[in-house]
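Try each task on your own first, then follow the solution step by step.

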Amino acid sequence: MAERRVKTSTLAAGLKGFWFQFRKSKRGMAGLFILCIHVIVALMAPFIAPNDPIRPTWPGYFPAGEAPLAFMMCVPSWYKYLGREVSENMEVIDGYTFASEQALQKWNVAISQPTRVSLSYNPTGGTLNDGCIEITYSRQANEAAGTSSIRLSYRFTYPYKAHPQRFWIHASYLINGTVSPSTSVHVSFSFFREDAEPLANYTYRGPTYQKDSLLVYEYPLITYDFYSPVSPWRHMWTRSTKREIFEKPWWYRAPEAKIFPTSGNYTFTVDVTFNDQGGARTQQVKVYLDNLQVLLYGNAYGLLGTDADPAAPRDLFSSLIYGSRVSIFVGLLVALISVTIGLTIGLTAGYIGGVVDEGLMRFADLLMVLPTLPLLIVLAYILSPSIWNIVMVLSFLGWMGFSRNIRSVTLSLRERSFVEAAKVVGAGRFYIIRKHIFPNVVPLVYLALSLSVPGAIISEASLSFLGLFDPNVMSWGRMINEFNGSGVAVTKGFSDYWFWVIPPGIAISSLAISFILIGYALDEILNPKLRMRR
Amino acid sequence: MTETILKVEKLKKWFPITRGLLRSLFSRRELYVRAVDEIDFEIKEREIFGLVGESGSGKTTTGRMLVRLIEPTSGKILYRGKDIVSMSDEEFKPLRKKLQMIFQDPYESLNPKMTVFDILAEPLRVQNVAHGDEIYERVCKILEDVELTPPQEFLQRYPHELSGGQRQRVATGRALILNPEFIVADEPVSMLDVSIRAEVLNLMLQLSETHGIAFLYITHDLALARHLCDTIAVMYLGKIMELASADSLIKEPLHPYTKALLAAVPVPDPTSKRAEVTIKGEIPSPVNPPSGCRFHTRCPQFIGEICKKETPSLVEIGSHHYVACHLYR
Ligand SMILES: Nc1ncnc2c1ncn2[C@@H]1O[C@H](COP(=O)(O)OP(=O)(O)O)[C@@H](O)[C@H]1O
Ligand SMILES: [Mg+2]
């Protein structure tokens, strides 16, 4: 026990003294501050970033399949404060899963033959058994056949002056009963625009009608025909890019721009038509509808817009936040591994000397004269660019300088008489390296750690920029690579999409600079001569 | 009679001079620094054996060979009759407890990253002779022995928190903690302030007496050696020139080199007479030492060709008084 009382860990004591001196360096503290911000961002990424960095989707329950998060190449949504006309993402329908009966109250129901068609709320039906719309059609055998329909309308306000880039309509449906070619069910969607004043430069060739003092433009969309029951539930997306999106496809191109030319009041309708030619038989058809939603994709999204991936555009802000993880992880791990390798080899070569020294140093020379970037590219390509392989390759190519440094310091340390004093009491090689040489090079290790991080960060970014990135993680280099690959810089001009490249560029350099500043401060502590020059 | 603890026979250390690759390609001849060139002496139990000479004469090299820090080129070192040169490291490790060394520079010989406790505990740990509380007790005991009291105040200190004298006391304690029989003390006070030298030396003397330790005391200061040592050997360019008991060496020095060294020592009594012998020039290079007697280039009593041609051997003149000079043949 008594021994433990006096035993002090030299490493901890050294660290404390180090911190005391470090605190005095303004540059070091500035570097540490920047680094802390980066580390906090990296650790808190899931809380800061609103979306997945690789494959983000529109949040919500869409059993027909995930919808993209946003339209490609969106501008930041705060552009609206700069006076730009932007449109943002919008979910048109509230309570679209019909989890409560209130959701139905927002819909306006119009039935052509109320004796045959009725609508009710089914609280236990639906895709999640949480409620859905139930439409019943029934005709007695003695009644005359004919066509009946029901129209569900949902009126909403589109607030943006700019038109949306896409709309996606989601619907889940289940049809049972006596559906047959002679008793078919038709489901169609439409949009209506209420116009206070006719728009200039706007041609419209479809049906219009007057309602109150407003002119209403009608945009009948696609109709789905059912000649047999549909069970179990089926789900579908109707996208504005569909070729047959309009009932009369030759009307217009760019449906979004025609339907939503500007802000105003709009109506979305779902028509269910029962075309009953069934003759003298009793007909009973039930149509269940659930998850009715219209997504309007704006041209502005998030804090930094989106990238150009056509299938699943990414939120650049989330990419930026998650990118810090890769850079810090790769930077620190590579520095740690390469410094450990360098330290081991340097101590061994320096202390053992002779053939071992010669062999290790010639090997280090060999690696040093190899052109680094081409070698990195080839190795990363052969090994497939997973994050671990990139770490391995960068570590393997990053230890040589430090090992030479440590070797030379060891050469001088091993001649110091405290090493001889240890030999005189019978200490072995390994003991001397561990207890006498190593503690005296620890400050150099700190310095090397802080100075080899920026190199590793920039190497990782370069590899990613060249396309050698791990497809499962988002990094800053990859963001810049994707900007480059999108051709946006050429087709649209760099300045229009600055928010795609400038933030990752600043992030890479500020992280690298933070380590360099810390390195400066450590260097000042280690080499007091530098301090005087200031 | 007391027993011989250490006997050195024809001990030799030639350091090869490493040259550049090109030079060694063109010239086959190997060059050596003849730091120690066939010396013989023996040290008895409890004896303080002084090794005196100018700097560069091979004293430190001799001391380092005795504790096996470097391997001799040839020759024998017999510790109680056993040759330690031919032993393997494993065989020698337990003997290290008996043969210790105090280094010249206390600012260099203590690891700046270790506390006093760790420095003093290291020999015990490496030699695996004590554990846990026993280490603590022995360290405190040795700190008291070297008069660093109270020990608790020093245990946690780092070398840079100690004065030079305190450091050399720690170094002394470190050499003593394994209870050695023999210590090489390589100019242990030459780096200390003159004012504290006596204190440290007295401490060492006293400890050697109480612990019964034999010393090889290396110094360039003949006056100091005279007060401390029982026997003194005078070295010049890797050779022993004269070896005698301290009294007889100082009272009747035989070798011209010894006489010259004594002449350089300031004498407290100005009326006392002493042969005024001076030597001129610098010590020659040990790479190419003078032929014959190494001292002949600077010898005030040079007697001709024989000094240049023949190397004088150490012969006994009078009781236990050895000298290597052609004057006494
Ligand atoms: N490791 C070594 N390699 C080569 N030459 C050495 C080495 N150690 C000492 N020498 C040389 O051996 C000679 C004797 O040195 P040393 O024993 O230190 O003398 P002293 O201690 O008497 O001053 C000197 O010329 C010195 O340069
Ligand atoms: Mg010396």
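This is a predicted model: local features need pLDDT of at least 70, side-chain atom pairs count only at pLDDT 80 or more; totals for chains, interfaces and linings use all residues.

Residues are numbered from 1 along each chain as its sequence is written, chains are lettered from A and ligands numbered from 1 in the order in which they are written, and side-chain values use heavy atoms, with hydrogens and water left out.

**Exercise 1.** Find the domains of chain A and the separation of their centres.

*Solution.* Begin with the bounds, which come from an automatic or database domain assignment. Domain 1 covers 25-46 + 320-530, and domain 2 covers 87-297. Next, take the centres over C-alpha atoms: 60 Å separate those of domain 1 and domain 2 of chain A.

**Exercise 2.** Describe what surrounds ligand 1.

*Solution.* Start with the shell, where a residue counts if one of its heavy atoms lies within 4 Å of the ligand. Its members include B:Phe15, B:Val33, B:Glu54 and B:Pro286. Sort the shell by class: 4 residues are nonpolar, 6 polar and 2 charged. (Ala, Val, Leu, Ile, Met, Phe, Trp, Tyr, Cys and Pro count as nonpolar, Asp, Glu, Lys and Arg as charged, and the others, Gly among them, as polar.)

Now look at single atoms. A polar side-chain atom of B:Lys59 is 2.9 Å from an oxygen atom of ligand 1, and one of B:Thr60 is 2.5 Å from a ligand oxygen. Finally, turn to area, from the Shrake-Rupley method with a 1.4 Å probe: ligand 1 taken alone exposes 560 Å², and the protein buries 64% of that.

**Exercise 3.** Work out where B:Asn111 sits and what its side chain contacts.

*Solution.* Then check its cover: B:Asn111 has a relative accessible area of 2%, so it is buried (under 20%; exposed is over 50%, partly exposed in between, with a 1.4 Å probe and protein chains only). Last, follow the side chain. B:Asn111 makes a polar contact with the side chain of A:His436 at 3.0 Å, and a polar side-chain atom of B:Asn111 lies 3.0 Å from the backbone nitrogen of B:Lys113.

**Exercise 4.** How many disulfides are there?

*Solution.* Search for cysteine sulfur pairs within 2.5 Å: the whole structure has 0 disulfides over all chains. For B:Cys293, the nearest cysteine sulfur belongs to B:Cys307, 6.1 Å away.

Note on methods:
A polar contact is a pair of N or O atoms within 3.5 Å; within protein, one must be able to donate a hydrogen and the other to accept it, and residues adjacent in sequence count only if both atoms are side-chain atoms. Helices (H or I, at least four residues) and strands (E, at least two) are DSSP runs, numbered from the N terminus.
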